[in-house]
Amino acid sequence: MPQTRSLRPSPSFVISLLALIVALGGTAYAAAKIGSKDIKKNAITAPKIKKNAITTVKIKNEAVTGAKIKESSLGAVPSAVNAETAANATNANNAANFSRFFASGMKKASIGQTVPLLTVGPFTITGKCADKGGGLTQATQWITTSQVGSSMYSFGDSSHYEANFNPNTELEIGYETYNNNPYIGWEGSGGYYTGFQAASGDGATLLEGDAVSGVLVYGAQCVFWNSATNVG
């Protein structure tokens, strides 16, 4: 009876077959099984990443947050720069306009007193409280200048105008207020009697304002308030 040869593969055949399997598919299999946990910390650095390999499509939504961005690497946003410039310009204009406005606030005085109200450029405005006689208390406002060639106009009682307003001259502005009862000079005037204007000799100070006086009000014998804007 003839002898049957064994069909078991030889060791060399098995080794060759395994080598072929690894060459054809083993690498792909191994790569498919490598996850983020298999990568050593700090193993993938910026130089190892191909340029433009990471695009917005490959980044998970909201993965990059403000805390992860280096602020010094960001340039200024054009619209923000423009907005800041516009805001600064507006603030500067508002500050410049506000610096042109002057107000005394309410000043109180007793009979015989003269109180300072405003000083703007060469002009100084004061309030005087006096006894007019017959039980009448009088409150008036006055303006002086330290500059030659100034001018002024006041509506007041007599619509006083002085084209050659010089130092050492004191002129009345606003409405002369006197009464033996509480009274404020703007009552019924609508601002007409309280207005005044003054221009310095060099034209740098051009005041437009209101001078209001009252008697026997707010717990005082005389009260004054004055506001003016330098439109020069």
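**A sheet and its contacts in a predicted model**

Q: How many aromatic pairs does the count come to?
A: This is a predicted model. Rings of Phe, Tyr and Trp pair if their centres lie within 6.5 Å. By this rule the count comes to 4 aromatic pairs.

Q: Is the pair of Y175 and Y193 stacked, edge-to-face or tilted?
A: The two ring centres are 5.1 Å apart. Planes under 30 degrees apart count as stacked, and over 60 as edge-to-face. The planes of Y175 and Y193 stand at 50°, so this pair is tilted.

Q: How many residues apart in sequence are the parts that the pair of Y175 and Y193 ties together?
A: Y175 belongs to strand β8. Y193 belongs to the loop between β9 (183-184) and β10 (195-199). The pair therefore ties together parts of the chain at a sequence separation of 18 residues.

Q: Does Y175 count as buried, partly exposed or exposed?
A: Buried means under 20% relative accessible area, and exposed means over 50%. Y193, its ring partner, has 32% and counts as partly exposed. Y175 has 22%, so Y175 too counts as partly exposed.

Q: How many bridges join β4 to β5?
A: Strand β4 covers residues 123-133. It runs antiparallel to β5. Within this pairing, T126 stands opposite W142. The two strands are joined by 10 bridges.

Q: Which residue in the turn between β4 and β5 has a positive phi?
A: β4 and β5 form a hairpin. There are 2 residues between the strands. The positive phi, about 65°, belongs to G134.

Q: Which residue of β8 stands opposite T137?
A: Strand β5 (residues 136-145) runs antiparallel to β8, and 6 bridges join them. Along this pairing, Q141 stands opposite I173. T137 stands opposite N179.

Q: With which side chain does the side chain of T140 make a polar contact?
A: T140 lies in strand β5. Beyond four places in sequence, it touches T126, G127, K128, E172, E176, S213 and F224. Its polar contact spans 2.8 Å, and the partner is the side chain of W142.

Q: Which residue lies over the face of W142?
A: A charge sits over a ring if NZ of Lys or CZ of Arg is within 6 Å of the ring centre and within 35 degrees of the ring normal. Here the distance from the ring centre of W142 is 5.0 Å, and the residue is K128.

Q: How far from the ring centre of Y178 does the charged end of K132 sit?
A: The charged end of K132 sits over the ring of Y178. Its distance from the ring centre is 4.6 Å.

Q: Is N168 buried or exposed?
A: N168 is found in the loop between β7 (160-165) and β8. Its phi is positive, about 70°, although N168 is not a glycine. The relative accessible area is 87%, so N168 is exposed.

Q: In which strand does L216 lie?
A: L216 is a residue other than glycine with a positive phi, near 60°. Its relative accessible area is 31%, so L216 is partly exposed. L216 lies in residues 206-217, which form strand β11.

Q: What distance separates the C-alpha atoms of T169 and I143?
A: T169 is placed in the loop between β7 and β8. Leaving aside neighbours within four places in sequence, T169 is in contact with I143 and T144. I143 is 26 residues from T169 along the chain, and their C-alpha atoms are separated by 8.4 Å.

Q: Which residue has its backbone oxygen 3.3 Å from a polar atom of the side chain of T169?
A: T169 counts as partly exposed, because its relative accessibility is 30%. A polar contact is a pair of N or O atoms within 3.5 Å. The backbone oxygen that lies 3.3 Å from the T169 side chain belongs to N166.

How values were computed
Residues are numbered from 1 along each chain as its sequence is written. This is a predicted model: local features need pLDDT of at least 70, side-chain atom pairs count only at pLDDT 80 or more; totals for chains, interfaces and linings use all residues. Side-chain values use heavy atoms; hydrogens and water are left out. Two strands pair if DSSP finds at least two bridges between them. Helices (H or I, at least four residues) and strands (E, at least two) are DSSP runs, numbered from the N terminus. Rings of Phe, Tyr and Trp (its six-membered ring) pair if their centres lie within 6.5 Å; planes under 30 degrees apart count as stacked, over 60 as edge-to-face and the rest as tilted. Buried means under 20% relative accessible area, exposed over 50%, partly exposed in between (1.4 Å probe, protein chains only). A polar contact is a pair of N or O atoms within 3.5 Å; within protein, one must be able to donate a hydrogen and the other to accept it, and residues adjacent in sequence count only if both atoms are side-chain atoms. Contact means heavy atoms within 4.5 Å.
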